[in-house]
Amino acid sequence: MSASKKKIIWLFGRSGAGKTTLAALLVERYQALGIPCLWLDGDRVRQGLSQELGYTPADRLENHRRIIEVANIAEEQGMQVVVSAIAPKEFIRSKVNELAKSPVAWIYLETDESTCRRRDTKGLYAATPNGNFSQLFEPPTSGSVLIEINTSAEDVGASKMKILSALNVPNQ
């Protein structure tokens, strides 16, 4: 994908994987290239557009449906869309693909649970019974992602470079 060829870019993974950090860097790069960009962050959407939703499977699906509908509108208006949201289950990611009007470039941020716990600024892992918050996330099936990045093993700069390369976005 060239920087001028639009796709909806979706960074997903467990809470604490680095989705927001890497999405911010990606949006910054698109803006530096003069490409209008909309960033839909899962936490921000939950605080506003989806504030009445809980965390049942139906509510999680509805939250992601709202995200992709806004992404479709922005993409139709010529914006590059970057989403940073957990997308915790395969059925949710499948529904997003079904509803998307442009291809979704799924970027999976794989992170081990100990790293997620260390980065847990929201207290989600500590607040979950038995501390087993990670079990709420289903890793993607083989072949369903554009790129997989292990953010436990790679620093932010290396992760950003891999994403830009996979998307064919110039880094300079």
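How many residues apart are R65 and E62 in helix α3? R65 and E62 lie three residues apart in helix α3 (residues 57-76), which means that about one helical turn separates them.

The legends below describe a predicted model, in which local features need pLDDT of at least 70, side-chain atom pairs count only at pLDDT 80 or more, and totals for chains, interfaces and linings use all residues. Residues are numbered from 1 along each chain as its sequence is written, and side-chain values use heavy atoms, with hydrogens and water left out.

**Figure 1. Overall arrangement of the chain.**
The chain holds seven helices and five strands, where helices (H or I, at least four residues) and strands (E, at least two) are DSSP runs numbered from the N terminus. Read from the N terminus, the elements follow the order β-α-β-α-α-β-α-β-α-α-β-α. Of the 172 residues in the chain, 44% are buried; buried means under 20% relative accessible area, exposed over 50%, and partly exposed in between, with a 1.4 Å probe and protein chains only. Among contacts with a separation of 6 or more, 74% are between residues 24 or more positions apart, a contact being heavy atoms within 4.5 Å.

E62 is partly exposed, at 22% relative accessible area, and R65 is partly exposed at 33%, whereas R66 is buried at 16%. Salt bridges link E52, E62, R65 and R66 in a network.

**Figure 2. The salt bridge between E76 and K101.**
E76 forms a salt bridge with K101, the closest N and O atoms being 3.0 Å apart. This pair links distant parts of the chain, with E76 in helix α3 and K101 in the loop between α4 (90-99) and β4 (104-110), 25 residues apart. K101 counts as exposed, its relative accessibility being 56%.

**Figure 3. Helix α3 and its buried residues.**
At 1.5 Å a residue, the 20 residues of α3 should span 28 Å, and the end C-alpha atoms are 28 Å apart, in agreement with that value; the expected span is 1.5 Å times one less than the number of residues in the helix. The buried residues of α3 include R60, H64, I67, I68 and A71, and the buried residues of this helix pack against β1, β2 (37-41), α2 (42-47), β3 (80-84) and α4. N63, found in helix α3, is buried at 3% relative accessibility and touches V45, R46, S50 and L53, not counting residues up to four places away in sequence. Just after α3, G78 takes a positive phi of about 90°.

**Figure 4. Two nonpolar cores.**
A nonpolar core is a set of buried Ala, Val, Leu, Ile, Met, Phe, Trp, Tyr and Cys residues joined through side-chain atoms within 4.5 Å. The largest core has 20 residues, of which L11, L26, Y30, I107 and L167 touch the most other members. Two or more residues of this core come from each of β1 (8-12), α1 (19-32), β4, β5 (147-150) and α7 (156-166), and the largest share, five residues, comes from α1. A second, separate core of 19 residues includes A74, A100, W106 and F137. In soluble globular proteins, nonpolar side chains tend to be buried together.

**Figure 6**
Rings of Phe, Tyr and Trp (its six-membered ring) pair if their centres lie within 6.5 Å, and planes under 30 degrees apart count as stacked, over 60 as edge-to-face and the rest as tilted. The structure holds five aromatic pairs. The rings of F12 and F137 have centres 6.3 Å apart and planes at 40°, so this pair is tilted. F12 lies in strand β1 and F137 in the loop between α6 (124-127) and β5, so that the pair links parts of the chain 125 residues apart. F12 is buried at 0% relative accessibility, and F137 is buried at 8%. Ring pairs join W10, F12, W106, Y108 and F137 into a cluster. Elsewhere, R46 lies over the face of Y55, at 4.1 Å from the ring centre; a charge sits over a ring if NZ of Lys or CZ of Arg is within 6 Å of the ring centre and within 35 degrees of the ring normal.

Note on methods
A salt bridge is a side-chain nitrogen of Lys or Arg within 4 Å of a carboxyl oxygen of Asp or Glu.
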